[in-house]
Amino acid sequence: MLSGDTTGKMNITVSPDYEAPIELYRTSRDMGRNGTLNQMINLTWEFPVDSGFNYMLRLHFCELDPDITKTNDRMFNIYIAGQLAEYHATVLKWSKQKGIAVQRDYAVMIQGQGITQEKFNLLLQFHPVSDTWYSDPFLNGLEIFKISDPASNNLAGPNPDPIPHSFAPPHLSVSLQISIKRIIIIIIISVVPAGFIFHFILVFFIRRKQKTKSIANTQTLSLPSALCRRFSLVEMKTCTNNFDELLLIGVGGFGNVYKGYIDQGSTPVAIKRLKPGSQQGVHEFRTEIQMLSQLRHLHLVSLIGYCCESNEMLLVYDFMDRGTLQDHLYNNNNNPSLSWKQRLHICIGAAKGLHYLHAGAVHNIIHRDVKSTNILLDEKWVAKVSDFGLSKIGPSGISRTHISTVVKGSLGYLDPEYYKRQRLTVKSDVYSFGVVLFEVLCGRPPLMRTVEKQQMSLAHWVVCCHEDGTLDQIVDKALEGQIEPECLTKFGDIAVRCLHEDGSQRPSMDEIVWCLEFALKLQETGETHQEHLVTAPEILEISNV
């Protein structure tokens, strides 16, 4: 949004007076007063600059808002090139009083080798502090100074690329209603060889028109740098030893997954590398970044950053030491079998992650690819839901119950209502999670082609067994003697309800969490009772002595 001194009558002091014209400080760019929306996005500028040079950014501010009376009324963080440059920036604190113009200078080095490198998109981003009264960062003006390379004593950049890149970095887009104002950008270029020289100055003069009209404008916003880093391809190759096969830890529809180390080798990460012709493409790549960069939950895998360069697309996640849930259920490559209580805790964690997607985020999100390979386990066996490439924002509004979309997902987990009618709802995730629950109980894949026809589909088979009262006969043999009868009954009941043909009859993830926690309580109560039964004869024997 454009705002500031719309009357032109407020007193503004600029010292020294040649620092910038007073008109610069009468208008500003800000985010508006929608605090909820502002916490989800950044106020962002993006400037193509030459790599291999130092740059100084001079930011111009002047607090004129009559509602701002205390220094902590409006605070925000400033990020430059994805790095935190100013924590809890407070203009009124810098200026001591309203109407006093202030400038803040920041230096940044753009890594590279001067003229041999390509353009780099330099990002300037403001993000409001969550506990501030007014969540609307603002900026009156900006100057960018390019500093000549002392080694070569020149400011020359690379020649223009003959062919533009096919893969532009992902962006988030938000439609906003704004008023048209006149924006004048003055660029002063000086190419004079010197040790310390200005190359160009960008100064924004934002002037208000007397007559405005409302238009729908799509404001492109880059990804939140505070939550999502952008890595270079060189960094990715370095941390994976040029994608060494010895560091390959998985293969999926997206491509290969490698283990790597970032931050001078101190942080292990998992890196997914898109392969040509993969089932997931650019759209899924962007979707995953857009989703995960805004979501933070104990039971969702954390996205550290991404790389989108030279036709390469890579995603960087926290490394999950224990791999996937499926790794510990079957085809486990000598992984130790999980106990029943471990499995219950993992199911509860994954259910909480899905419940957050369905009800805890700003918009309900449908994962659309819930399966045991997309539930990861950290070193403490905490479950994390992963792989959001197919995710969709759920339906909104009272009258909307579903979204119509092309069927995507994994065989054996697909909601029949979804693939028959192309109607996607949060209950489609519930069905898939029901299949996962029975994978956990039975220790077998959702589809098997080497068994009798009735047993080929796990979902079909377990429903039949539940109706016949023989569910206890198909439990994973590794769990023999571990499951308390009451716990099995409760677990089986909620899991079968997840597989109901009619999606409206399936439970919500919130109810599933409650039922699984109740099943765990029944398990622990049964185990305690068994311990008492074992120790009772011993107590009786002692009392008879």
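Trainee: Which residue caps the N-terminal end of α8?
Mentor: The model is predicted. In it, a side-chain oxygen lies 3.1 Å from the backbone nitrogen of Lys427.

Trainee: How far does α8 reach from its first C-alpha to its last?
Mentor: Helix α8 covers residues 426-442, which is 17 residues. At 1.5 Å a residue, 24 Å is expected. The model comes close to that, with a reach of 25 Å.

Trainee: Why is α8 described as largely enclosed by the rest of the structure?
Mentor: A residue counts as buried under 20% relative accessible area. Helix α8 has 17 residues, and it is largely enclosed because the number of them that are buried is 16.

Trainee: Which residue follows α8, and what is its phi?
Mentor: The phi of the residue after α8 is positive, near 65 degrees. That residue is Gly443.

Trainee: Against which helices do the buried residues of α10 pack?
Mentor: Helix α10 spans residues 458-468, and its buried residues include Leu458, Trp461 and Cys465. The buried residues of α10 pack against α9 (453-456) and α8.

Trainee: Is Lys272 buried or exposed?
Mentor: Lys272 sits in strand β18 (residues 267-274), and an unreviewed UniProt entry places a "binding site" feature there. Leaving aside neighbours within four places in sequence, Lys272 is in contact with residues including Glu288, Tyr317 and Asp387. Its relative accessibility is 11%, so Lys272 counts as buried.

Key. Residues numbered from 1 in each chain as written. Predicted model: local features only at pLDDT ≥ 70, side-chain atom pairs only at ≥ 80, totals over all residues. Heavy atoms only, no water. UniProt positions renumbered as here; feature names shortened; annotations may be inferred. Helix = DSSP H or I, 4+ residues; strand = E, 2+ residues; numbered from the N terminus. Buried < 20%, exposed > 50% of the residue type's maximum accessible area, 1.4 Å probe, protein only. Contact = heavy atoms within 4.5 Å. Expected span 1.5 Å × (residues − 1). Polar contact = N/O pair within 3.5 Å; in protein donor to acceptor, adjacent residues only side chain to side chain.
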